[in-house]
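Q: I would like to learn how to read charge pairs, chain contacts and helix packing from a set of coordinates. Could we go through these topics one at a time?

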Amino acid sequence: MARWVTMDLFANLYLGFQVAITPLNLLYCLIGVFVGTLIGVLPGLGPTATIAMLLPTSFILPPVSALIMLAGIYYGAQYGGSTTSILVNLPGEAASIVTTLDGYQMALQGRAGPALATAAIGSFFAGTFATVVIALFAPILATMALKFGPPEYFSLMVLGLLASVVLARGSLLKAIGMIVLGLILGLIGTDINSGALRYTFGVTELMDGIGFVQVAMGMFGIGEILLNLEREAAAPRIMQAISSLMPTREDWRRMISPILRGTILGSVLGILPGGGPLLASFAVYSVEKKLSKHSGEFGKGAIEGVAGPESANNAGAQTAFIPMLTLGIPATPTMALMIGAMIIEGIQPGPTVMTQQPALFWGIIASMWVGNLFLLVLNLPMIGMWVRICMVPYHLLYPAILAFCAIGVFSLSNSVFDIYLMSLFGFFGYIFAKLECEAAPMLLGLILGPMMEEHLRRAMLLSHGDPMIFIRRPISCALLLVAVVAIAAVLIPMIRTKREEAFQEE
Amino acid sequence: MDEKIIEEEAMKRSNLVLGFVILALCGFLAPTAGAQEYPIKPVTIIIGYGAGNFSDIVTRIVAQKLSERLGKQFLVDNRPGAGGFTAAVAVKNAAPDGYTLLMAATGTLAISPSLFKQLPFDSVKDFEMICLTGRIGFAIYTDATSKIRTLQDFIAEAKAKPGKINFGTTPIGSAQHLGAELFKTSAGINLVTVPYKTSPDVVVAVRANDVQGAFDSLTPLVPHIKSGAIRALAYTASQQFPGLPNLPTVSLSGVSGYEFSTWSGLAAPAKTPRTIINRLNREVNAILAIPDVQQKLLELGALIPSGTPEQFAAELAKDIVKYRDIINQAKIEKQ
């Protein structure tokens, strides 16, 4: 292990950059991040569908170029996803839900420019850091991914669900209600442990459960459109004149620590298959809200609320490559496609890639940094253009958003049912907004609920019915302890103030 | 850039997308054509799995070769989800003119009839089988560090500790799960079946020793076997897998008569003209004989099938009965 971290690293990175900065590979990297940014910006169109479509064309390329391009699409899309979250309140993927909370508020205050710039700068820093993490620690971190079994995931989800309460801007009771609603919606579909169909009412499309993207685009995107249409007659959408495009000195000061914390947390959680980057993005949000001197501004356009989660999800997107590159285990469906691409190119994914194909392994890693640089260079000048979208009269803008939403949702599985589902949740989104119930906690319930149930029941199967498995396994036990401490931290001050109030009344 | 240009950009983009949508619709709306000059327009192959899945990769390889040989585009249309039902129903309802085909799989056509009380299609009556395109065997495996080295070891261990050994598979009702159940009854052992969502999840569970053995299709396992991360104990098909000559079959490892494999194959809506079915059967068989194609299928861990439409239909009929028996024996409740 020690040898790994010494001079070899520089020799390896040198080898990697030799591969990554050949004109051909630079071109494919650029194509990849450009296409990725585009599909990231189009709501609903995700990297998985795009990579799948481009998979056959990649066979004619040399393996390194093909993988560099596919990887570029993947992290380019993560980058682009934040743009629609900020401009039109549309999270393109799970990890950018959190960005809508403060990013869209900033846009409404005429600060879309600084919000987009913060996202771009935070993502670049996180991408650079995560690349170094991969280069230095990939094999060590890969073993950590293997230590995460069902009990560990369950405990992590418990912690996540507790933390999701922090997302609430208004009433705590309503936030809990929305989480529970999300958990209930998550019950729909096929039960993995018995094959039983739950609440599908004979509708085959419901057999796989309610998709997150359909709900998110409905609740956030369509719901927001309905609200805006109602509002527009009365007041303009953007409340204040558009300020400067770049962050101010004050903004810079406030974004630095959230970016650092987001990057570290994102790098660590990104390694875990299934929901890692998502958990990272809102864990960081909760942390920042607690630590910030401006915690009152969260949910109303705090720059920390954009900087932290955006850094976290980009770092996570990058470190998600670790299990794939070192173990041959895909952390996301997109990674599974890349493994497919490797196999067809005649490369056996797994630990041998590093030793037998060092040029490929280090070339991909070096290209990630190059790609992140491309993204920054591509995105900063485009901010001016994106911000203008905010000035397009809404009656011209919303039909386009609607059309893109419909196309994006349809492209998920070429099914019209998904468009109906999105429309239905758009209607719910409107109603809930009127009732001042927030969508973000519900979506987290919807995503985490089924995963939690799955891991709980699997853990119990593994232990033959012994619940002590959650305490016996050290990582799981530690996570549960943190959850207990978190509850105590919230409850104890509440009890104390209650008591003090009681004493004062006497 | 002013607003107008932005709008125009958006228009251009949506036009492009519209173009694709129209292109996709062409497959359904085009008029029926005479069989003698088939195909006179693009053919759509609908598949009930997402892109990147084994069946999808095979479909894309076959579709590309069909396009080259027949001079018209063969498009792959992914309709993932709902156990392949959406895809099957779309093909069932399409015109039987040879321009809409189904990449059928064991799960949807042979297993579902015994898992569900009601199906939106009839596997036998609603489709014409054309040609098998791939056959997948399964492997029973352990972690590379496990002290279990052979299938005999594994069975002996299971008999010594009944109900104590965890056995990983994919979800209830999947071919992996049913194959594992059949293995348990055939070998007369009692294992705790632990269903995971995907194959990579099962690999992680084996490597972390959460489960002491697992049953999965060979395709996702080949890289892990070759890298030495996991140890394959036995292969479930009737013959050995050419890519792994040291891997014995289950029936030669102490569970004689045990044979389990699944297939994917091209099908068409019922009443599709015989001439088209036969033509496609000849072409697909010829494609599967190309060394380059065989090489790719082998790398994916698949066996290469061949045969007439009648043989395919007979295999489907036989499989429906086989899975009904497994499902009854494993006491899986119909949904």
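Predicted model: local features only at pLDDT ≥ 70, side-chain atom pairs only at ≥ 80, totals over all residues.

Q: How many salt bridges does the rule find across the interface of chain A and chain B?

A: There the rule finds two.

Q: What area is buried between chain A and chain B, and which atoms give 67% of it?

A: About 4100 Å² is buried between the two chains, and carbon and sulfur atoms give 67% of that area. Chain A brings 47 residues to the contact, while chain B brings 48 residues.

Q: Turning to helix packing, at what angle do the axes of α10 and α12 of chain A cross?

A: Helix α10 (residues 249-269) and helix α12 (residues 304-319) of chain A cross at roughly 30 degrees, their axes coming within 7 Å. Because angles under 35 degrees count as roughly parallel, α10(A) is described as roughly parallel to α12(A). The crossing is right-handed. Among the residues that make the contact are Gly262(A) and Gly266(A) of α10(A), together with Gly308(A), Ala312(A) and Gly316(A) of α12(A). By class, this contact of α10(A) with α12(A) has six nonpolar, eight polar and two charged residues.

Q: At what angle do helices α2 and α9 of chain B pack?

A: Helix α2 (residues 54-70) and helix α9 (residues 274-288) of chain B pack at an angle of about 115 degrees, with their axes 10 Å apart. That angle makes α2(B) roughly perpendicular to α9(B). The crossing of α2(B) and α9(B) is right-handed. The contact includes Val62(B), Lys65(B) and Leu66(B) from α2(B), and Leu280(B), Glu283(B) and Ile287(B) from α9(B). Sorted by class, the residues of the contact of α2(B) with α9(B) divide into seven nonpolar, no polar and four charged.

How values were computed: Residues numbered from 1 in each chain as written. Chains lettered and ligands numbered in written order. Heavy atoms only, no water. Axes fitted to C-alpha atoms, helices over the stretch in contact; angles between N-to-C directions. Helix = DSSP H or I, 4+ residues; strand = E, 2+ residues; numbered from the N terminus. Parallel < 35°, antiparallel > 145°, perpendicular 65-115°, else oblique. Left-handed = near helix turned anticlockwise from the far one by under 90°. Contact = heavy atoms within 4.5 Å. Nonpolar A, V, L, I, M, F, W, Y, C, P; charged D, E, K, R; others polar. Buried area = accessible area lost by both parts, 1.4 Å probe. Salt bridge = Lys/Arg side-chain N within 4 Å of Asp/Glu carboxyl O.
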